[in-house]
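Hi everyone, thanks for coming. I'd like to walk you through one structure today, so please have it open on your screen while I talk.

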Amino acid sequence: MIQILLRDKLDDCITRWHAAGYDVIGPQKNNNVTRFAPVEKASELDLEIILTDRTVKELFFPQTEPMFRYRIGKQAIDTEEYLPPGRKRIIFGSRPCDASAMAIDDPLFGWDFKDTYWFQRRNETVMVTIACTESDDFCMCTSLKLAPDSPLGSDIMLRPVAGGKGWHVELLSERGREAFDRIEALLDDSAAEKEPIANVPKRFDLDVCREWLADPENFESHFWKEISIRCIGCGTCTFLCPTCHCFDFQDEGDTYSGIRRKNWDSCSFALFTMHTSGHNPRSTQSSRWRQRIMHKFNYFPGKFSMNSCSGCGRCSRQCPVDMGITETLQEITKTAK
Amino acid sequence: MNEQFEPKIVAFVCTYCTYAGADLAGTSRLKYPPNVRIVRLPCTGRISPMFILKALQKGADGVLVSGCHPGDCHFTSGNFHARRRWTVFRALLNFTGIPLDRIRFSWISAAEGVKFAELISSLTDDIRKLGPFEQYKAMIHETETPVSL
Amino acid sequence: MTEKTNNGRQNIYKPAIMKIVDKRDEAPGVKTLRLEFLDPLDHEMFRLHYRTGMFGLYGIFGEGESTFCVASPETRKEYIECTFRQSGRVTSSLANSEIGDLVTYRGPYGNRFPIEEFYGKNLLFIAGGIALPPTRSVIWSCLDQREKFGKVTIVYGARTVADLVYKHELEEWQNRSDIDLVLTVDPGGESPDWQHHVGFVPTVLEEAAPSPDNCIAVLCGPPIMIKFTLISLRKLGFQEENVYTTLENRMKCGVGKCGRCNVGSVYICKEGPVFTAAEVSKMPQSDL
Amino acid sequence: MSIQEQYRKKAAELLSSGEVKLVIGYGAGTTPDRRRPLFVRSADETSKLHLDAACEANLSGYLVTEGLLADRKKVGIFLGPEGIRSVNILASESQLDPDQIVIMGFNREAESVSALEGSNVRDFPAMLAALKEQAPGAGEQALVERIENMTPEERFTFWQAEFEKCIKCYACRQVCPMCYCRRCIVDNNQPQWVQTSSHTLGNFEWNLVRAFHLSGRCVECGGCDRACPVNIPLRLINRRMAMEVLDAYDHFSGMSPDQETVLASFKKDDPETFIL
């Protein structure tokens, strides 16, 4: 049976979810930036945004997270652990690219050693994704063999009905079903036409690119210098990337007490790989950009059978010098052919 | 509050003039409040604005920055450079809303023990009236608590 | 995906606490610390998992963590020894710690030297400068079961006589009849009473000319030394598959998450730090 | 002939005559409204150069790329008035030799561009003097005044809300031609003056330090503001600091390659009303 979630029932849904102990988090525009934040009412949600400036990544892997407080005594060091808040939550209105990015990072945070911070949050979260009916010049999910309605990483897929009155509900997981059981009474079963999903053009040939990247000959290619010559070495692309997962540990405090934190870090920073001796394996910006591309489309898929990119296009959209993955892979496609 | 609030004041002073002035205040047995913690530096030119920010962040309620009178710098021009820096830094603090009435700048020579004692007294009184500096509290609290989401 | 956490903790980033029980000066700026676990459970986990070649993250709260090898062998697991050069924030702080002070430790992480595969073979150890500690872990693991191996040759060089580390152990090895020890210092680094070789490790190695037959070479040193020593080893007839080395990179997590030790398709912290020269030659050389 | 054509031709001449080894200009971007920095090394590539009102970026930062000018050869570059000022500052701070820079200057108006006469950085004194006299952008000034009129607590709250958004990607630093330090103060960890964590406190520290280090050096090209992925209005702080050095020391940054840096110079009679 087709079930429809009507937009004007959203307030009631949020109330019921809250009553059932879920936090509801959704896209909002606040202080000139669009990002995911907790909501009390449906009116706070901004569901028309094609893609938020900041990703849902920060809800699983915050930009800075205290891991534990230490207190140093002569005979003992006391460490008090800080873990995620441990509340069930519903992320309402993520996009398929963001949701798939979380699934892409799961094996990385889980191989052999499980990152508690990531998995506790993953297990507590119901990802309610809205399929895209619109895209912009930078969207590239289709080029990554994903789609504006990819189910990867989502617990519920909502497909907009024509006229914007609501969404077709598609249950994808047990966790999603549980959350939607709470609001079943509010769902409508009148038939309604689904709006077609966005037509995202294919911007490069991924297979060709992967093949080119896998060829050791191309590692030293002049291509890398050319393509990254205007890269200024900031962390915008990596910090806004939903799949980029690199981090740093920092201690803040003194020799008696303080906090060890896990912070975002970026492979585009020169200091990222710098040894204490001064030797830096990736000492040039071109080698750092090469690493980013190689990691996403060669090393990572080699290990986890997925590209470390979900095609959100934020790297190109937000780059201060108009670079990005799209341009690089387009150029590789051209070079390789 | 039953107990009177006793402010913590950090004084960044140059060793040649103001520190000597503070010394003179001591040897002359001049009384001034014990609220001030003196950090001695070679010259006012060495006093980075970061010192002031860090002091406020780490719990100081007021900051004093003091050195040789213009023209008396042991290194000829350190205090002239410092003066420009302070002017600009004050504007920055003011624009970002960090209260300037908690930060004081002065010239105190090695002979001005009395000026030092008086300045500390008046500064302590003023800061006491302003109360504890709590503007940073919320931000510091944020650094010490787990992420809310 | 397994639930394995080497330190037996749920939070993989939480370190164990260790006490400094001994501290030695090895060379200018180089110190050795001997550490003991405070918590028996941590020690049990270490006993269970530690094999020669693995590394740990040693730290001081308030400063951070720093990665270096466990310099003590897998045949002696009552304590951990680590040897490091004082160069950055963490190592300076560790160097300034005293006996009785507490430090943090995470590990052991990474892969190991497949010592069982070396049984019955001749062993050639080559180390340069501060890279003796990882080699020493293998050396003692083998010497503690000496009868299982053939001829043992150790070639060790440093910039100057003062820069040689583990001087007391070098003396011990010197006096053992079942070890060939070849010591060398770079030209200009010799002291008036220096009685050993003067010259770079590759040259001295070629002069010593150990036979590649049924021989495993373990090579650790700075990148430039590795590069030239590999050439010499090839000249002597060693196969790349029989040459083991350890790689180092900056690390933060040690467990394959933080991304910075990634070289080519390899995370040094998980798939390393021990590699054969054949494996290393497949990595993108300019990223090393 | 449009200025774009004129400069394409000039770039081609400079390159084919060997006078410059490289021209840094603007090329087409991903979308029609975008322009991206373009590096041109041969005359036949000059047709890729664009110059129009969408060319906002201050390209002068690329001039201090490590090793670029080390061979003493000249480099041609498209620069707006802010870019010319940046080159002046870089020269006055001994980061480059101004005679190695061949400027193709342009002025950006609402929907068009016009050429600026001259090719050496010393050729623009009149333009710069006029710039100094000009009242700054009215919209910006209004916002700065709005903040000035707040109480200190309100100002603090305002900036706290802005800096809370910061993710410490350092795009503001990397894009800035004046941020050429080989190791920035935040990258130093002995001692760690600025916390690298991007909680509000660390962000506040970072942004204050950044603004202070640019006081009297910023040319208000707006690069940091445009680069900021979370839209922090950095230009407002920069504007306020520029007003301060102009009021207190009559200093307008980047007037000439010989200009003294405002915080590395002094006058004996500098004002000091606030010092007891």
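Before we look at how the chains meet, one definition: two residues are in contact if their C-beta atoms, placed from the backbone, lie within 7 Å. Please also keep in mind that this is a predicted model.

Let's begin with the chains. Which two chains share the most contacts? Among the five pairs of chains in contact, that is chains A and C. Chain C puts 37 residues into this contact and chain A puts in 43. On the chain C side, β4 (64–69) and β13 (262–263) each supply at least two residues. Sorted by class, the side of chain C that touches chain A has 11 nonpolar, 15 polar and 11 charged residues. Chain B and chain C, on the other hand, are joined by no contact, and their closest C-alpha atoms lie 14 Å apart.

Now please turn to chain B and its sheet. Four strands form an open sheet here, in the order β2-β1-β3-β4, with parallel pairing. Which strands stand at the edges? They are β2 (36–41) and β4 (103–107) of chain B; each has a single partner strand, so one side of each is left without a neighbour in the sheet. From one strand to the next, the twist averages 20°. If you zoom in on β1 (residues 9–14) of chain B, you'll find six bridges pairing this strand with β2(B) in the parallel sense. Within that pair, Leu41(B) in β2(B) is the residue opposite Cys14(B). Packed on the sheet is helix α1 (residues 18–27) of chain B, which touches β1, β2 and β3 (62–67) of the chain. The direction of α1(B) makes about 115° with that of β1(B).

Chain D has an open sheet too, and there the pairing is mixed. Five strands take the order β2-β1-β3-β4-β5. The edges belong to β2 (35–40) and β5 (113–115) of chain D, each with a single partner strand, so one side of each is left without a neighbour in the sheet. Neighbouring strands are turned by 25° against each other on average, direction ignored. Strand β4 (residues 101–108) of chain D runs antiparallel to β5(D), and three bridges join the two.

Helix α1 (residues 3–16) of chain D lies across β1 (20–28), β2, β3 (74–79), β4 and β5, and runs at about 155° to β1(D). Helix α2 (residues 81–92) of chain D lies across β3 and β4, at about 145° to β4(D).

Let's zoom out to the domains of chain D. The domain assignment gives domain 1 (3–131) and domain 2 (138–264), and their C-alpha centres lie 25 Å apart. Their contact takes 21 residues from domain 1 and 19 residues from domain 2. Which element brings the largest share of the domain 1 side? That is α2(D), with nine residues. By class, this side of domain 1 has eight nonpolar, eight polar and five charged residues.

How do chains B and D meet through helices? Helix α3 (residues 78–95) of chain B and helix α9 (residues 234–249) of chain D have axes that come within 10 Å and cross at roughly 145°. The crossing is right-handed. From α3(B), the residues involved are Thr87(B), Val88(B), Ala91(B), Leu92(B) and Phe95(B), and they meet Ile237(D), Arg240(D), Met241(D), Glu244(D), Val245(D) and Ala248(D) in α9(D). The residues of this contact divide into eight nonpolar, one polar and two charged.

I'll finish with some backbone details. Most residues other than glycine have a negative phi, and most peptide bonds are trans. Asp112(A) has a positive phi, near 60°, and sits in the loop between α2 (96–110) and α3 (116–124) of chain A. Lys168(D) also has a positive phi, about 55°, in the loop between α5 (152–164) and α6 (171–175) of chain D. Is Lys168(D) buried or exposed? With 26 C-beta neighbours inside 10 Å, Lys168(D) counts as buried; Asp112(A), with 16 other C-beta atoms within 10 Å, is partly exposed.

In chain C, the peptide bond from Gly107(C) to Pro108(C) is cis, with omega near 0°, and Pro108(C) lies in strand β6 (residues 102–109). The bond from Gly272(C) to Pro273(C) is cis as well, with omega near 5°, and Pro273(C) lies in the loop between α7 (268–271) and β15 (274–276).

Conventions. Residues numbered from 1 in each chain as written. Chains lettered and ligands numbered in written order. Predicted model: local features only at pLDDT ≥ 70, side-chain atom pairs only at ≥ 80, totals over all residues. Buried ≥ 20, exposed ≤ 12 C-beta atoms within 10 Å, placed from the backbone. Pairing = 2+ DSSP bridges. Axes fitted to C-alpha atoms, helices over the stretch in contact; angles between N-to-C directions. Domains from an automatic or database assignment. Nonpolar A, V, L, I, M, F, W, Y, C, P; charged D, E, K, R; others polar. Left-handed = near helix turned anticlockwise from the far one by under 90°.
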